[in-house]
Amino acid sequence: MTTATKELARNEHIKDASRYLRGTLAEGLQQEITGAIVEDDQQLVKFHGMYLQDDRDLRAERGKKKMEKAFSFMIRLRIPGGVCTPQQFLQVQHIAQVYGNDTMRLTTRQTFQLHGIIKSNLKATMREIDDALLTTIAACGDVNRNVMSVTNPLQSRVHAQAYETGKAISDHLIPETTAYREIWLDGEKIVGSDEEVVEPIYGKTYLPRKFKVVIAVPPSNEVDVFAHDLGYIAILNEDGNIEGYNVTVGGGMGMTHGQPETYPRTADVMGYCKFDETVKIAEAVLTVQRDWGDRTNRAHARLKYTIEDRGLDAFRAEVEKRSGVKLDAPKPYIFDSMSDRYGWTESENGNGHLTLFVQNGRIRDIPGGPQWMTGLKKIAETLQGEFRLTANQNIIISNVQPDQHWDMDKLVAQYKLTRDASPVRKNSMACVALPTCGLALAESERYLPDLITEIEERLASHGLTDNEIVIRMTGCPNGCARPYLAEIGFVGKTPGKYNMYLGAAFDGSRLSKLYAEDLDHKGIVATLDPIFAAYKNERQEGEHFGDFTIRAGFVAPTSNGADFHVNTGAKRTA
Ligand code: HEM
Ligand code: SF4
């Protein structure tokens, strides 16, 4: 059966009937009887940058008392390249303190998420976000999301150029519906009838699924370029300026347990374009996916499946036709890691950049530990540079004038902010999961720090303390912390149980493979320990853990998404 004759997915009807993302959101906000909104609006509100959630820790107790779930909203901002001013940081923090749960989350895609905002506070929150010259439009939903860009504290010129590319793409692909201003900011009601006028790029039903864009500058793959629908790998000319980009397409992480037709996929390098052709390419890739993507099955709707089904050559030809750009052959590039550069670095303009390590991106004051909320507030009040949010859930105090370094160091020490941790902890990442994420099957953010402590002990017992190993965990297979690109990946299966994946490349270029299923805490440690012992005894000079687990026969290599589920399970057990 062809796509045209299959029934469209339910969300397609919701989008179609939504009058460009309006639905009944405005009416739903007025209803005081419930803290929720109706189901169709729950899908639409994602396009406005928020998710309806409930506190899952309280579900059982409230259920027993026949109370409504403890509903609140998660709000995600759109911060291209993760660059924000100290003033904007303070305004977002103020919102988190007044309307949210007094914490901020640095996400794995360079933005902030705020949790715990109740319905009656939504409009005030959105007004304050707008006052800060920020927005949440298209932070979630079937649209182009926040565009990520390398933080690059070493090369200020290249950072500016990569940021310029990312920002231009972000601005070009932003939805144009006025529903956002109308619903949240009491803007004037303008309901167009001609879809070409309202949404010239997206049309009435937007995209079949989310769409994520990223800009990387080798040798750092800190932004995980191969995990994204569309990526640009900068190629520098002899003067050290970006002359163009290798274009990558078809990366994505999400899959479903037990459904092998769903799989994570690393992006293909499709060709090379010049610096000023990037926006045209972005629009063409997006519109081909808009028209070719599978709108009948959301689990098969991402660009990665379109490319698997149609083939890269056909996809490239269509992109070239629509953009009018003839892509050249990809140029050589080398990535060497995905991690951030911690501590101070100096960029070529003489300014300093201090990368702080924020465990799992959670900004809060920890009794007896780092005072992230208070400390970053003080820093923001003093800072004349900017903040950069990293794809590893960290924050960089950026563009600090040389005479301000001392002030920053003093504040970092005073509020016990961490600029360092063990090599495995610094390379670890967890998604939010419980209690807020409705899709979580197991803990992640609240569990990984303890597991890392135990892994640190095991590594120390084998004399491996100084080894960088990328470890990531998610509470479900959707993959928000990109676990399939970690050298050790944990994916929640049921409460307290995880599937363990091994064999990804340290530079983010190769996916992992399932090694063991349904491991509890003890099982994880018992399974990893002999592999660490083997790594200590058998590894070759400079060999990364992910590469070792393949060479030593623990797992088969994954060459791309389609073979992710092939040859799974432990090959060698000790
Ligand atoms: C494919 C299915 C996916 C679904 C249905 C999904 C859904 C969600 C939901 C509901 C949340 C909110 C959790 C909370 O804050 O309580 C979330 C968070 C997030 N997701 Fe996803 N997600 C998916 C895949 C991905 C992938 C593949 C990525 C990145 C490559 C990603 C990036 C993020 C980020 C950055 C956050 C913010 C929190 C964090 O940093 O962990 N998501 N996602
Ligand atoms: S990976 Fe799953 S559990 Fe974690 S935040 Fe994403 S959707 Fe929720």
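Predicted model: local features only at pLDDT ≥ 70, side-chain atom pairs only at ≥ 80, totals over all residues.
Now for β18 itself, which covers residues 488-494. Is this strand enclosed or open? Counting a residue as buried when 20 or more other C-beta atoms lie within 10 Å of its own, five of the seven residues of β18 are buried, so the strand is largely enclosed by the rest of the structure.

As for how strands hold on to each other in general, they pair through backbone hydrogen bonds, and the pairing can be parallel or antiparallel. Both kinds turn up around β18. With β17 (residues 471-474), the strand runs parallel, and four bridges join the two. With β19 (residues 497-502), β18 runs antiparallel, and here six bridges do the joining.

Val491 is a handy residue for seeing both pairings. Thr474 stands opposite Val491 of β18, while in β19 the bridge partner of Val491 is Asn499. Gly489 has a bridge partner in β19 as well, namely Tyr501. The strands β18 and β19 also form a hairpin, with two residues between them. One residue in the turn is Gly496, whose phi is positive, at about 80 degrees.

The other sheet is open too and has five strands, in the order β1-β2-β5-β4-β13, with antiparallel pairing. Its edge strands are β1 (50-54) and β13 (362-363), and each of them pairs on one side only. Where does β13 find its partner? The strand pairs with β4 (residues 104-106), in the antiparallel sense and over two bridges. Here two arginines face up to each other across the strands: Arg105 stands opposite Arg362 in β13.

Conventions. Residues numbered from 1 in each chain as written. Chains lettered and ligands numbered in written order. Buried ≥ 20, exposed ≤ 12 C-beta atoms within 10 Å, placed from the backbone. Pairing = 2+ DSSP bridges.
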